[in-house]
Amino acid sequence: HCSPASIEYWDDFYDDRRNPYDTLYGYEDFRPVLLNFMRTQKVTDRGKLRVLHAGCGTSNVTQGLWQDGFRDIMNIDFSKVLIELMEKKWQDSADNAMSEEEGAAMRQGLKWRDMDLTDLSAFSGGAFDLALEKFTLDAILCEAKDDATDPRGNAVMRELHRVLAPSGVFISVAWGKGRREVLLRSGGLFDVECQQLPGEASQRPLAYFCRKR
């Protein structure tokens with residue numbers, strides 16, 4: 001029985017999956033929080049933000065970001081099966097775009113790489129203005145005894161800090177509470193604010209906004 005923290009689990013999970021799959025909360029659920037944050041940061045041109053979408057899965061986040069005007073998105077996931085599936089699907093969408101210009105923009109603006117979030121050495125320091133993940137840290141930390149001291153969790157935060165530009169922001173949508181915030185602060189690497197996602201459900205995930213110090 002494979003753990004959700006293992007590559008074997010996700011390769012098997014995605015091997016025969018062709019339709020978007022999301023874990024309860026899709027882009028539309030955290031979109032208001034994301035766009036409100038953009039407004040508070042006085043971001044006037046989302047198209048110029050360099051975005052790292054970590055643990056992209058087959059969620060609708062990439063499509064949602066594109067529809068909301070983000071035009072430079074690097075999607076990464078440690079499942080090569082998944083990345084090949086999603087890249088082909090996006091290329092098919094670009095081929096069927098309303099115009100050649102839009103199709104070209106879709107092909108140029110989005111990239112897909114199979115990569116482990118604990119090792120982003122393929123990217124230079126300061127390569128991104130915004131990084132976001134949705135339940136990826138939850139999967140990485142699913143067997144952790146203590147989020148704050150977990151080696152893989154800390155490796156993720158060090159790498160995110162490195163690849164974010166000065167004052168860059170990492171947004172984490174997660175179920176993890178308690179010691180999770182200690183991990184996200186990473187001993188002072190990030191300033192962290194937290195809020196619950198909007199909705200009527202009594203149990204709703206949290207959105208952590210982590211600004212690089």
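Select β5 together with strand β7 (residues 206–212), and you will find the two running antiparallel and joined by six bridges; strands here, like helices (H or I, at least four residues), are DSSP runs (E, at least two residues) numbered from the N terminus, and two strands pair if DSSP finds at least two bridges between them. What you have open is a predicted model, in which local features need pLDDT of at least 70 and side-chain atom pairs count only at pLDDT 80 or more, while totals for chains, interfaces and linings use all residues. Residues are numbered from 1 along each chain as its sequence is written, and side-chain values use heavy atoms, with hydrogens and water left out.

Within this pairing, pick V173, whose bridge partner in β7 is A207. Next select strand β4 (residues 128–134), which runs parallel to β5 and is joined to it by six bridges; here L132 has I171 of β5 as its bridge partner. Then show β5 (residues 164–174) by itself: nine of its eleven residues are buried, where buried means under 20% relative accessible area, exposed over 50% and partly exposed in between (1.4 Å probe, protein chains only).

Now turn to the cysteines, where the disulfide count comes to zero, a disulfide being a pair of cysteine sulfur atoms within 2.5 Å. C194 is in no disulfide, and its nearest cysteine sulfur, that of C210, lies 9.0 Å away. C194 counts as partly exposed because its relative accessibility is 38%.

Finally, colour the protein chain by pLDDT, the predictor's confidence in each residue from 0 to 100: the mean is 90, and 89% of the residues reach 70 or more.
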